[in-house]
Amino acid sequence: MGEITEALRRAREQQRPSSEPATPGPESLRAATPPAAPRQTIELSMERDTGWAARAVVIDARGHLAEAMRHLALKIRAELERRRVRSFAVTSPLRGEGKTTLACDLALALASVSRGRSVALVDFDLRSPRVAADLGIHPTAGVDSFLLGQARLEDVCVSIEKPALDVYPACIPSREAHELLVLPSMGILARELERRYTTVVYDTPPTLLVPDMRILLQHVPAFIAVSRFGVTRQRALKAMLELLPREPFLGGVLNGGPLPSHASSYGYYGVREEEA
């Protein structure tokens, strides 16, 4: 009889609801954590379609433009090291002056003269993003999603195989881009990118059209100014330089100017196509 009574008592205790919720074990915690997204790695298209100039360093790797970009990339890297900073923005006074093309080619050139995966390209022209289209990549999320807390930085990254370059594109154009740039997540993003990479290149909006560039310079320590030969007016360039702080200015780049006299020698000096 005593054994029956003890068995009934144990059964009642098993049916009684616990006053405290069970503490989840390690396995249940791992199951609740979303898995990390696999790195999206691509090869750049070699087709000379729309926007191919932004991939000229890869498509025409032995041409004078690619070599000029590498020279410029090395000069910029040396100046960044002298200033002990890791990131810089590419801007222009107005639209149509080639800043996005230059930002893409500079990032590719920097990656080609760097070891490992140490260079990042970030599209912060959030009102009219062009980096993804010009590079021919198709992101599923952008830096705009990260700023809004809708994606992790890893979800935004698109890795180019050769040269080893990580791209952080923007996906959805926003007329209120300035509101995104003042979010605390903007500072978090800038600091994290500088922690992960040796050099970070930002494509930014035209300075004279919107206030975004002045906001970005709170987080980006340097910038270069792009102008286009026969297009940019001197007064527009002067107005931009007066609007932005002088200390972060690295220098100016003239797009579309006459070719240097030595440009025709590149094909002769390089390895011939049939010898490659």
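Eight strands form an open sheet with the order 1-4-5-3-6-2-7-8 and mixed pairing, where two strands pair if DSSP finds at least two bridges between them. Strand 1 (40-42) and strand 8 stand at the edges with a single partner strand each, so one side of each has no neighbour in the sheet. On average, neighbouring strands of this sheet are turned by 25° against each other, direction ignored. Helices (H or I, at least four residues) and strands (E, at least two) are DSSP runs, numbered from the N terminus. The model is predicted: local features need pLDDT of at least 70, side-chain atom pairs count only at pLDDT 80 or more, and totals for chains, interfaces and linings use all residues. Residues are numbered from 1 along each chain as its sequence is written, and side-chain values use heavy atoms, with hydrogens and water left out.

Strand 7 (residues 223-228) runs parallel to strand 8 and is joined to it by six bridges. One of the paired positions is isoleucine 224, whose bridge partner in strand 8 is glycine 251. Strand 7 is also joined to strand 2 (residues 87-91), by three bridges and again in parallel; here alanine 225 of strand 7 stands opposite threonine 91. Of the seven residues of strand 8 (residues 249-255), five are buried (under 20% relative accessible area; exposed is over 50%, partly exposed in between; 1.4 Å probe, protein chains only).

Helix 4 (residues 64-83) lies across strand 2, strand 6 (199-203), strand 7 and strand 8, contact meaning heavy atoms within 4.5 Å. This helix runs at about 170° to strand 8. Axes are lines fitted to C-alpha atoms, for helices over the stretch in contact, and angles run from 0 to 180 degrees between N-to-C directions.

The structure holds 13 salt bridges, each a side-chain nitrogen of Lys or Arg within 4 Å of a carboxyl oxygen of Asp or Glu. One of them links lysine 99 and aspartate 203, with the closest N and O atoms 3.2 Å apart. Lysine 99 lies in helix 5 (residues 99-112) and aspartate 203 in strand 6, so the pair ties together parts that are 104 residues apart in sequence. Lysine 99 is buried at 7% relative accessible area, and aspartate 203 is buried at 0%.

A further salt bridge joins arginine 196 and glutamate 192 (2.7 Å, N to O). These two residues are four apart in helix 10, a separation of about one helical turn. Arginine 196 is partly exposed at 31% relative accessibility, as is glutamate 192 at 22%. Salt bridges link Glu154, Glu192, Arg195 and Arg196 in a network.
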